[in-house]
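Hi everyone, thanks for making the time. I'd like to walk you through one structure today, so please have a look at the screen.

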Amino acid sequence: MQTYAGIPEENATLENSKVMLVTVPYDGTSTWGKGADKGPELFLDASENMELYDIETNTEPYLEGVYIGGDITEKSSPEAMTEAVYQKTKELLSNEGKLFTLFGGEHSVSIGSIRAVGEKFENLTVLQLDAHTDLRPDFHGSTSNHACAVYEASKKHNLVQVGIRSCDIEEMEHVNKEQCFWAHEIAKKEDWIDDVLEKVSGNVYITIDLDAFDPSIAPSTGTPEPGGLQWYPTLELLKKVFEKCNVVAFDIVELMDSPMPKPTAFLAAKLYYKMLAYYHISKGQ
């Protein structure tokens, strides 16, 4: 039995876990760098080579349990994948009091999970950390394309976008400029985290495309855009979101296989684990 980060099986059962993890090795619509379908495998491998004591929080988050809820392998079409993720997310959300997490795969995998979480939780804020707006209504003939990852969320929920530094002119009509924190403006503002926190409230779904980070620290993504977020400010933002709001789910996507994927894979592993630490502290666990 494979467990998250190689933790003991007693910490990996659904009954004993406060966190549920679904992996979606899908890369059906990416248009440049291919290899995001290897992301979950790289993430899990890096997680097994990570120390499980978190220095900052003086905690061992794995003790609260992480249940691997399945590998969604549907890839007959983008729409079929989205439906499969939606159904699996809906199924796992029936387990009350547990945090739903997902690791992709390209960013299109988030469409189905956000849809399911949005049906369960009212007043949902979707906090998107990303280099790209991903607000196309459809792309290449599909509404389940990676370029459409948060279009549906923008129409149904309170979407807050952070780290954006690339988009198509047609997407600008869908951008809420009061809720979009451009990377070039973040770079010049010391209090940008406080500005983001003002827009984030209630129940929160966090979706993190790893290309939100600067490629100097996360190069193995499908589209490594220059000028991205740095490690510690990003952790500070996430920690404060967990403190302020009720984070009900999160995902991390776009870890791509490459000739040297390990630095980005390890960053993804640490990021996931740090978010678990912040979650458990926010719940007093």
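This is a predicted model: local features need pLDDT of at least 70, side-chain atom pairs count only at pLDDT 80 or more; totals for chains, interfaces and linings use all residues.

Let's start with the core. The largest nonpolar core holds 57 residues, and those that touch the most other members are Tyr4, Leu127, Val162, Ile206, Leu271 and Tyr272. Which helix gives this core its largest share? That is helix α8, residues 262–282, with eleven residues. There is also a second, separate core of 31 residues, with Val22, Val85, Leu135 and Ile164 among them. As general background, nonpolar side chains in soluble globular proteins tend to be buried together.

Now let me zoom in on Ile206. If we set aside neighbours within four places in sequence, Ile206 is in contact with Leu127, Leu238, Val241, Phe242, Val247, Ala249, Phe250, Asp251 and Met275.

That brings us to strand β8, residues 246–253. How many of its eight residues are buried? Seven are, and the strand is mostly covered.

And who are the partners of β8? On the one hand there is strand β7, residues 203–209, which runs parallel to β8 and is joined to it by seven bridges. Within that pairing, Tyr205 has Ala249 as its bridge partner. To get from β7 to β8, the chain passes through helix α7, residues 231–244, in a right-handed β-α-β crossover. On the other hand there is strand β3, residues 99–104, which pairs with β8 over four bridges, again in the parallel sense. Here Phe103 stands opposite Ile252 of β8.

That's my tour, and I'm happy to take questions!

Technical notes
Residues are numbered from 1 along each chain as its sequence is written. Side-chain values use heavy atoms; hydrogens and water are left out. A nonpolar core is a set of buried Ala, Val, Leu, Ile, Met, Phe, Trp, Tyr and Cys residues joined through side-chain atoms within 4.5 Å. Buried means under 20% relative accessible area, exposed over 50%, partly exposed in between (1.4 Å probe, protein chains only). Helices (H or I, at least four residues) and strands (E, at least two) are DSSP runs, numbered from the N terminus. Contact means heavy atoms within 4.5 Å. Two strands pair if DSSP finds at least two bridges between them. A crossover is right-handed if, with the strands pointing away from the viewer, the path from the first strand over the helix to the second runs clockwise.
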